[in-house]
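Let's take a walk through this structure together, one piece at a time. Have the sequence and the 3D view at hand as you read.

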Amino acid sequence: MRKPVILITGANGEMGHGLIHGLSKEKNTDILALDLEPLSKDIKDNVLDGVQGDILDIKLLEMLNTEYEIRAIYHLAALLSTRAEFSPMIAHDVNVNGTLNLLKLAMEQAQSQGEKVKFFFPSSIAVYGINSIEEKEKAGAISETEYLSPQTMYGCNKLYCEQLGTYFSNHYQQLSATYSPGLLDFRSIRFPGLISAITMPTGGTSDFIPEMLHNAVQGKSYNSFVDADTAIPFMTMPDAIRAILELMNAPQKKLNRNVYHISAFAPTAGEFKTAIAPYFSNVNLGYDINGKRQKIVNSWPKDVNDTSARNDWNWSPKHNLKSALNEYLIPCVKEFYKKK
Ligand SMILES: NC(=O)c1ccc[n+]([C@@H]2O[C@H](COP(=O)([O-])OP(=O)(O)OC[C@H]3O[C@@H](n4cnc5c(N)ncnc54)[C@H](O)[C@@H]3O)[C@@H](O)[C@H]2O)c1
């Protein structure tokens, strides 16, 4: 008998940590965790099986296909935006071919189980590309269908994979005599920058905000790589995890889209610095602008209009900037570094 599980790839990453804690509170959920890196101690006990391996390893995925009955896949493994820009071919391989491997695994599972397999794909505001800062100002909070001209390899990868998932969900084998729609139930969120109090991000281009916070709490000086006026949307990691769980639990008939974007707050780098300063006795935050990374962040929207998510699955962030700091970021980040 194959073991029924849900599969999380990239399980040892920032989002994986939060998702494993969130999912392990749900009933009847045995987690199969896959990552290139060994699972860290704080999540090891929350999974049924942890596998150290590569999503590009076809033999490994075939082994998982025979050994487990995979009811849902949360495919988090990826190379993030800054790393992807330094190694675009590797990023394409991991982000696109890796995702295709997981989509194929989901469809094989659906065929053998005779049931749709749910597939969650974390996309990003990097799918958007706005050409100038004037246009970004003018555009304000954009909708899901605007400005879909990404300027990074990561953004291109995410947009294409959203489209692959939507295709396999809605149109796969449309010309075949045995056409049966819906092997896959593909759901995706384009996340803004995420801020976790318990993990330091690496390799993303929205890292300037979490890096300010994590350096400030440690009393270290830090220079943001974008200027004080730069704004993109952000949310706390607990809100992001709640969004994943809520979208995945929403009835399919309520969902008018496969891909949603969501937002919580959108401070400029300068506003974030001012907001955190009162919480620390010795803050030494400045700016050392990296023109190339600044250009990428400038191409991302100032904010997003998340009406579709609010209407279809009742999305609402718990935290605005003030409550994010008071209720989550400041107490948890202080506690985290005290324990270290
Ligand atoms: N953190 C953010 O601000 C943010 C925002 C938008 C979208 N996302 C998306 O959310 C997902 C998770 O992001 P994160 O912040 O946890 O990233 P992360 O870099 O912390 O975690 C990614 C994990 O994937 C693993 N991984 C990478 N390549 C792999 C491979 N070939 N095989 C198996 N595992 C591999 C890494 O070891 C790592 O543990 C990613 O898809 C990312 O694009 C993140």
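Let's start with helix α1 (14-23): eight of its ten residues are buried, so α1 is largely enclosed by the rest of the structure. Here, buried means that 20 or more other C-beta atoms lie within 10 Å of a residue's own, while exposed means 12 or fewer and partly exposed is in between, with C-beta atoms placed from the backbone. Helices (H or I, at least four residues) and strands (E, at least two) are DSSP runs, numbered from the N terminus. The buried residues of α1 are Glu-14, Met-15, Gly-16, His-17, Gly-18, Leu-19, Ile-20 and Leu-23.

Before going on, a word about what you're looking at. This is a predicted model, where local features need pLDDT of at least 70 and side-chain atom pairs count only at pLDDT 80 or more, while totals for chains, interfaces and linings use all residues. Residues are numbered from 1 along each chain as its sequence is written.

So what covers the buried residues of α1? The cover includes β1 (3-9), β2, α2 (41-44), β4 (68-75), β5 and α9 (237-249). α1 lies across β1, β2, β4 and β5, running at about 150° to β1. Such angles run from 0 to 180 degrees between N-to-C directions, and the axes are lines fitted to C-alpha atoms, for helices over the stretch in contact. Two residues are in contact if their C-beta atoms, placed from the backbone, lie within 7 Å.

Asn-12 is buried, with 22 other C-beta atoms within 10 Å. Leaving aside neighbours within four places in sequence, Asn-12 touches Asp-35, Glu-37, Leu-39 and Ser-40 by the contact rule. The C-alpha atoms of Asn-12 and Pro-38 are 7.3 Å apart, although the two residues are separated by 26 residues along the chain.

Now for the sheet. Seven strands form an open sheet in the order β3-β2-β1-β4-β5-β7-β11, with parallel pairing; two strands pair if DSSP finds at least two bridges between them. At the edges stand β3 (49-52) and β11, each with a single partner strand, so one side of each has no neighbour in the sheet. From one strand to the next, the twist averages 20°.

Follow the sheet to β7 (residues 184-191), where eight of the eight residues are buried, so this strand is largely enclosed by the rest of the structure. Leu-184, Phe-186, Ser-188 and Arg-190 point one way, and Asp-185, Arg-187, Ile-189 and Phe-191 point the other way. β5 (residues 117-124) pairs with β7 in the parallel sense over eight bridges, and Val-117 has Leu-184 as its bridge partner. β7 also pairs with β11 (residues 259-261) in the parallel sense, over three bridges. There, Ile-189 is partnered by Tyr-260 and Arg-190 by His-261. Helix α9 lies across β5 and β7, at about 155° to β7.

Finally, the ligand. Of the 29 residues around it, Gly-10, Gly-13, Met-15, Ala-78 and Phe-191 come nearest; a residue is near a molecule or strand if its C-beta atom, placed from the backbone, lies within 6 Å of it. Which element gives the most to this shell? That is α1, with three residues.
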